[in-house]
Amino acid sequence: MTVTYTARVANARFCGFSKLLLAWKGSIYKVLYKEFLAFFAMYTAISITYRFFLYDDQKRYFEKLAIYCNHYASLIPMSFVLGFYVTLVVNRWWSQYTSIPLPDRLMCVLSGGLQGSDERGRMLRRTMMRYASLSALLILRSVSTAVFKRFPTMDHVVEAGFMSREERKKFESLHSPYNKFWIPCIWFTNLAAVARCEGRIKDDHTLTLLLEELNGFRGKCSMLFHYDMISVPLVYTQVVTLAVYSFFLVCLIGRQFLDPNQGYPGHDLDLYVPIFTLLQFFFYAGWLKVAEQLINPFGEDDDDFETNWLIDRNFQVSMMAVDDMYGDLPMMERDRYWNDSNPRPPYTAATLFVLRKPSFQGSTFDMAIPKEEMHFQPLEDIAENMEESGSYHPNMALFNRLLNTVPSPTGLMGGALRRTSAQLQRLRHSPSIDQCTSDDDDDDESVKIGKGGSLPSGLGQDTQSTVCSVRDEKGLRTPLLEVQFNANNERRRHSVVNEKKEMSEVEEKSDKELYIREEREEVESTVGEIQAPASWLPPPPKSSRETSTRSASAVPFTSRHRSAFMFHPAADSSLEHCSSQPAINQNRAVPTIPKPPLGGNKKSFLTVPSYNEPQRFRSVSMGSELTGS
C-alpha cells in the first residue's frame with residue numbers, strides 16, 4: 001500500500017517533519033541501509049589496513065594517493081547530474097499515474113445516454129462497462145508485476161468474471177503479434193452502434209459523446225503501454241549510477257584520516273569516523289535510490305501504485321453506476337433553506353472562529369482616496385486639457401506636421417514648396433551660379449542671373465515640375481514673402497460644425513502656419529543670396545495678355561482642405577501656390593525651350609510658361625543641363 005502521510009502534515013508545526021523521520025515503511029533508511037553499511041565497512045577496512053598493516057614507506061605512498069584522490073574527487077558533477085535525473089524521473093512518475101484509465105467519465109455518459117430499464121438495456125450497459133474494465137485489466141496486467149501475479153493467465157481473467165468463455169475464444173481467434181488490449185474497446189463501439197440502431201441511444205450527439213469518452217479511456221491505456229515500452233534512456237541511467245558509485249569509491253581512499261604528525265594540510269585531526277563523508281553518501285546515494293524507486297511505479301515497492309486496488313475500485317464503481325443507479329433518483333423535496341435568501345450552513349464549536357473573520361472583498365477594498373480626487377470631471381474639460389497639452393507639446397506639433405505629408409492638395413503643395421526650398425539650398429551651396437531663362441507664352445527671353453555655369457545635377461535632373469502662379473509686374477526677384485496661410489478666407493468657406501471641432505482646427509492651423517513661416521524664411525534667405533543685381537535683369541516682357549494674367553493671378557486659390565495655401569491680395573508678384581502635379585493645358589501646345597547659344601558652355605534654362613486662362617497656373621520647370629554644340 002502506498003505510504004501516505006498527508007494528514008500528519010496538514011498543519012505546519014514546530015518540527016512537524018520530525019515525526020516522519022521515525023517512520024520505517026517507505027523510508028530512506030529501509031531502502032539505503034544496506035548500501036550504507038557496505039560503504040562504512042569498506043571505509044573501516046581501508047582505515048585499519050592503513051593504520052596497522054602498512055610499513056612507513058607504504059604509508060607515505062598511501063597518503064600521497066589519498067591527497068590526490070581527495071583533490072580530484074570534486075571534478076565529478078554530482079549535484080548537477082543527480083538533480084536533472086531525479087527531476088526527470090519524478091515528472092515521469094506523476095505522468096504515469098495520470099495515465100491510469102479511470103472509468104468515471106465513461107460510466108456517467110453511459111448511464112445517462114443508453115436508455116432502457118428492461119433486461120436488454122441493463123445487459124447492454126453492464127456488458128459495455130465490463131468491456132472497458134477488461135481493456136484496463138489487460139493493459140495493467142501487461143505493465144504491472146503486481147497485477148500479473150494476480151492474473152497470470154487468461155484463465156484467471158475468465159474466472160474473475162472480466163471475460164466470458166465465448167469472449168475468450170473470440171479474443172484468441174484474433175491473431176496479432178501485438179498486445180491486444182484494444183479488442184474490448186472495439187466490442188464496446190460495436191455494441192454502441194447496435195444500441196443506436198435499436199433507439200436506446202436517442203441521437204447521434206449522445207453516441208458521439210460516448211465514443212469520445214471511450215477513446216479517451218483507450219488513449220490512457222495506450223499511454224501506459226508506451227510508458228512501459230519507452231524507458232528513460234539507458235545511457236542516462238548509466239551515467240548517473242557510474243557518477244555516484246565512482247565518486248564514493250574515490251572517497252573511500254581520499255577521505256581517510258591521515259597521520260597528523262606528517263603535517264599534511266587539512267589533516268590536523270584524526271577522528272577515525274568520517275561523519276560528513278557518511279552524510280554525503282547518505283544524501284547522494286539516497287537521491288539515487290529515490291530515482292530507482294520512482295522510475296517504475298508499477299512494481300511492488302512501498303511507494304508504487306496500488307494497481308490491484310484500482311482494478312477493484314473501478315470495476316465495482318462502474319457496475320454500480322450503470323446498473324444499480326440507473327434511473328435511481330431520490331424523491332425531490334424542498335431544502336431547509338427554501339425561503340432563506342441568505343443561506344448559511346451551521347458551524348461547530350471547533351470552527352466557530354471562521355465567523356469572526358471578515359469576508360474578503362478584494363485587495364482594493366480598503367484603499368483610501370482623497371476627497372478632492374473623487375469628483376467626476378466634465379468630459380469637455382478633459383478633452384480641452386488633452387488638446388491643449390497636445391498642441392503645445394513640441395513632439396505633438398512635429399507629429400501634426402508629419403500628418404500633413406499625406407497625399408492631399410495641400411500636402412502636395414507643401415511638398416512642392418519643400419522641394420523648391422531644397423533646390424534653392426543646392427543653388428546657394430553650388431560653386432557657381434547658373435543661368436536660367438524665363439519662358440512666357442508670347443516670347444522666350446533668356447534672363448541672366450549669374451555667371452556662367454550649370455545647375456547642380458540634383459536640380460537639373462528633377463523631372464517633376466512645380467505649378468506656380470506668378471505675376472509679371474515685378475519679375476522673378478520677388479521672394480516668397482507673400483506666401484501665407486489665409487485663415488480668414490478658410491473660415492469663411494468652411495462652416496464650423498461644433499465648438500470642439502473649431503478649436504481643433506484652429507490649433508492645427510496655428511501649427512501649420514508656424515511651419516509655413518519657417519519654410520518661407522528659409523526660402524527667402526536662400527533666394528536673397530542667389531538673386532542677381534537689378535541691372536542684369538531685363539525689363540519684364542509686356543504682352544497683350546498682361547491684364548488677363550494679372551487678373552488670373554489675383555484670384556486666390558481656394559481648397560476644401562483646411563490647410564490650403566491662399567493668395568495674399570496685396571502681393572504684386574509672389575510664389576502663391578505650389579503643387580507636385582503639373583498644370584497642363586490640354587488645348588495648348590507645350591512651349592518649346594530655345595536652343596542654347598553656341599559657345600560650348602553649359603547652360604540651364606528655367607522655363608516659366610504662361611497661359612491666358614483664368615485660375616490657371618504657370619509651370620516652373622527645372623530643366624536638365626544643356627550643352628552647346
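Analyst: Let's start with charges. The structure holds 18 salt bridges, each being a side-chain nitrogen of Lys or Arg within 4 Å of a carboxyl oxygen of Asp or Glu. This is a predicted model, so local features need pLDDT of at least 70 and side-chain atom pairs count only at pLDDT 80 or more, while totals for chains, interfaces and linings use all residues. Residues are numbered from 1 along each chain as its sequence is written, and side-chain values use heavy atoms, with hydrogens and water left out.

User: Which residue does Glu 63 form a salt bridge with?

Analyst: Arg 60. The closest N and O atoms are 2.9 Å apart. Both residues lie in helix α2 (residues 56–72), three residues apart, about one turn of the helix. Helices here are DSSP runs of H or I with at least four residues, strands are runs of E with at least two, and numbering starts at the N terminus.

User: Is Glu 63 buried or exposed?

Analyst: Glu 63 counts as buried because its relative accessibility is 0%. Arg 60 is at 24%, so Arg 60 counts as partly exposed. The cut-offs: buried is under 20% relative accessible area, exposed is over 50%, partly exposed is in between (1.4 Å probe, protein chains only).

User: Which residues are linked in a network of salt bridges?

Analyst: Asp 118, Arg 120, Glu 198 and Arg 200. Within that group, the side chains of Arg 200 and Glu 198 meet at 3.3 Å, N to O. Arg 200 has 15% relative accessibility and therefore counts as buried. Glu 198, at 39%, counts as partly exposed.

User: What does Arg 196 pair with?

Analyst: Asp 204, in a salt bridge of 2.9 Å, N to O. Arg 196 counts as partly exposed, at 26% relative accessibility.

User: Which residues of α10 are buried, and what covers them?

Analyst: The buried ones are Leu 207, Leu 210, Glu 213, Leu 214, Phe 217, Cys 221, Ser 222, Leu 224 and Tyr 227. Their cover includes α3 (78–98), α4 (104–113), α5 (119–143) and α9 (183–197).

User: At what angle do α5 and α10 pack?

Analyst: About 10 degrees, with their axes 9 Å apart. That makes α5 roughly parallel to α10. The contact (heavy atoms within 4.5 Å) includes Met 128, Ala 132 and Ser 135 of α5, and Leu 210, Phe 217 and Cys 221 of α10. Its residues divide into eleven nonpolar, two polar and one charged.

User: And Ser 135, buried or exposed?

Analyst: Buried, with a relative accessible area of 0%. Leaving aside neighbours within four places in sequence, Ser 135 is in contact with Phe 181, Pro 184, Cys 185 and Cys 221.

User: Last one: what does Leu 88 touch?

Analyst: Val 232 and Tyr 236, not counting residues up to four places away in sequence. Leu 88 is in helix α3 and counts as partly exposed, at 37% relative accessibility. The C-alpha atoms of Leu 88 and Val 232 are separated by 8.6 Å, although these residues are 144 apart along the chain.

Key. Axes are lines fitted to C-alpha atoms, for helices over the stretch in contact, and angles run from 0 to 180 degrees between N-to-C directions. Angles under 35 degrees count as roughly parallel, over 145 as roughly antiparallel, 65 to 115 as roughly perpendicular and the rest as oblique. Ala, Val, Leu, Ile, Met, Phe, Trp, Tyr, Cys and Pro count as nonpolar, Asp, Glu, Lys and Arg as charged, and the others, Gly among them, as polar.
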